[in-house]
Amino acid sequence: MALLEISNLVAGYGKVQVISDVSFSLEPGKSIGIVGPNGVGKSTLLLTIAGAISPNAGSIKLDGTSIFGMRPEDIVRRGLSLVPEGRQIFSGLSVKENLSLGLTGRRDKKGSHEAVERMHELFPVLSTHEHHQAGMLSGGQQQQLAIARALISEPKVLLLDEPSLGLAPTVIADVFERLREIIHMGTAVVIVEQRANLVTSFADETIVIRDGKVQSRLTPADATNTDSLNRSYFGAGD
Amino acid sequence: MRHGGVTKFSFQNLFGPIIIISALTFFVGRTSASLQLITQFTLCYFMMVLALQVFVGNSGVLSFGHGSFALIGSYISGMLTAPINIKGHALAMNQLWQALVPLHTNIYLALLISAIISAFFAALTGSLLMRLSGLSAGIATFALLGVTYNVFFNNKRIGPGSQALPAVPTISNTYILLLLAALAIVVVYLFNISSLGRTLIATREDAMAAPALGINIYRVRLIAFTLSGFLAGLSGGMYVHVAGTFQVQDYYLEFTFLTLSMLIIGGSASLWGALLGTIVISTIGQLLLMMEQDLPIFGIHAHIPEGSRAVIIAVAFVAVLLWRSSGIANGKEFSIPTFWRK
């Protein structure tokens, strides 16, 4: 049984329908990439799955249970966390306090201390800057903090919106290396990215969204095939 | 790299404000009878500004409704302590519901009851209001103030209506008010550095990101609003026992904007800001009042037209919003300047 199952999802803002028919499923320890031109609804899709936007139709199941229309805080407690676009860390709070806030969504409060230790092992930079103001960290460090803050609640599914945004290439490689470790530990990951090559080569499967629908599905092999990627991404040759 | 955080306990963050307010009360309060009275009123305002800091400062949600809680606190404490014959026979009270007349207790129990009932009223109204944010929350809390004021102003069955309830016993010992203020500082400081306070601050910093971490914004705001209501009710109770009379008008627009100005000008994000704002605005306000009344300040007469005080404070309020929105304290708690440390 799939861990996350999205079927015929329809969502938008008021009367404006942004997502008109999206379906995909995800197994534990697997990753799926979502790419597409600006404004096609990639972020809207993630926000809808995470409960920040109310869906209009379709179904969203997490571990066999419907989370359709649930509040974001309840969805987090059921095991699905979102790392939003632009990281949205609490810049006035310290690194330690940001991580502590991530513990709010944990189902098992007993293992909180161990969870913090695990995050320090996975992201050593957070341990070094534990008492520093989060807003003073570099972009890459903030991204690691945002991922750790979502991961500390030990979600079954982690959603990431543009994790490479504003980062230098070497830092991006580092962030994706950490994501590989997270997936290896059994967490299922959904990544929305503008860098189509990067995510297509990284994820087990990548779906291309256009006009609010799944346009095509790519495999890591397609990452090196520029023609195939362009055709899927921009609709060239349609 | 700068060290940060809001949940680390610091002796100077907590005891700095307590020592400063104690020293000011001691030195200013004993100068003259009029300055003692001003100090007492300032301590009441400070309690109200602390109440606002707990909710407005930490959540970032503007509330114009806290005057309601102060009004209720003042009303309950005044009604529970005013002499029974005054309540029963005073001209202003002759329509009073008779069941309220024999209710009587001592000042301190009355203060506690007034704060608890104000907190209950805050929890009740907050259960609806805390679903709102931004402009909607501001307007709805303003409506709460308007409704509460009009209910008490126009209803002589429950109180003196538009007139005053006289002969409310006063707290003549300033140090009792100081003790209450110091206790409130401890409570507010411990709340601000608690995990609940940190969660509330997170909702202020980013109301979109907080729910994505499993934070229930409604719940944390409601808890803070209730605590804030308790302190505002206590502030109203203290005020009525300094003024010696209960008047509904004392807790309406002027009271609301004065205490909000104190918080914003001092810096809403910290307890230190709340204290600085109260001291600065109270001092400036008093000096301007003396100038309006053409009284000498250190032997110098500098007359200004009546009403200038309100205008000058309003201008200061706007100036702070424009050029230093984080207030005088700039979001920081009290700390000893580094050049004084060894």
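**Figure 1. Buried residues of helix α8 in chain B.** In this predicted model, helix α8 of chain B spans residues 195-205, and its buried residues are B:Gly197, B:Arg198, B:Thr199, B:Leu200, B:Ile201, B:Ala202 and B:Thr203. What covers them? Look for α2, α7 and α9 (217-243) of chain B, and also for α3 (95-102) of chain A, which are among the elements that cover these buried residues.

**Figure 2. Helices α2 and α7 of chain B, packed together.** Here you can follow α2 (residues 33-59) alongside α7 (residues 174-193), both of chain B, with axes 10 Å apart and an angle of about 15° between them. Angles under 35 degrees count as roughly parallel, and α2(B) and α7(B) are therefore described that way. The crossing of α2(B) past α7(B) is left-handed. On the α2(B) side, the residues making the contact include B:Leu43, B:Phe46, B:Met47 and B:Leu50, while α7(B) contributes, among others, B:Leu177, B:Ala181, B:Ala184 and B:Val188. Sorted by type, the residues of this contact are 12 nonpolar and 7 polar, with no charged ones.

**Figure 3. Where chain B meets chain A.** How many residues of chain B are in contact with chain A? There are 22, and they touch 28 residues of chain A. The chain B side of this meeting place is made up of 10 nonpolar, 8 polar and 4 charged residues.

**Figure 4. Strand β7 of chain A and its two partners.** Take a moment with β7(A), where 5 of 5 residues are buried. A:Val157, A:Leu159 and A:Asp161 point one way from the strand, whereas A:Leu158 and A:Leu160 point the other way. Strand β6 (residues 80-83) of chain A runs parallel to β7(A) and is joined to it by 4 bridges; in one of the pairs to look for, A:Leu80 has A:Val157 as its bridge partner. Strand β8 (residues 188-192) of chain A also pairs with β7(A) in the parallel sense, over 5 bridges. There, A:Leu160 is partnered with A:Ile191.

**Figure 5. Two loop residues of chain A with positive phi.** Which loop holds A:Asp63? A:Asp63 sits between β4 (55-62) and β5 (65-66) of chain A, and its phi is near 55°, a positive value in a residue other than glycine. Because A:Asp63 has 16 C-beta neighbours inside 10 Å, it counts as partly exposed. A:Glu154 lies in the loop between α6 (139-151) and β7 (157-161) of chain A. The phi of A:Glu154, again not a glycine, is positive and near 50°. With 18 other C-beta atoms within 10 Å, A:Glu154 is partly exposed.

Key. Residues are numbered from 1 along each chain as its sequence is written. Chains are lettered from A and ligands numbered from 1 in the order in which they are written. This is a predicted model: local features need pLDDT of at least 70, side-chain atom pairs count only at pLDDT 80 or more; totals for chains, interfaces and linings use all residues. Axes are lines fitted to C-alpha atoms, for helices over the stretch in contact, and angles run from 0 to 180 degrees between N-to-C directions. Angles under 35 degrees count as roughly parallel, over 145 as roughly antiparallel, 65 to 115 as roughly perpendicular and the rest as oblique. A crossing is left-handed if the near helix is turned anticlockwise from the far one by less than a right angle, and right-handed if clockwise. Two residues are in contact if their C-beta atoms, placed from the backbone, lie within 7 Å. Ala, Val, Leu, Ile, Met, Phe, Trp, Tyr, Cys and Pro count as nonpolar, Asp, Glu, Lys and Arg as charged, and the others, Gly among them, as polar. A residue is buried if 20 or more other C-beta atoms lie within 10 Å of its own, exposed if 12 or fewer, and partly exposed in between; C-beta atoms are placed from the backbone. Two strands pair if DSSP finds at least two bridges between them.
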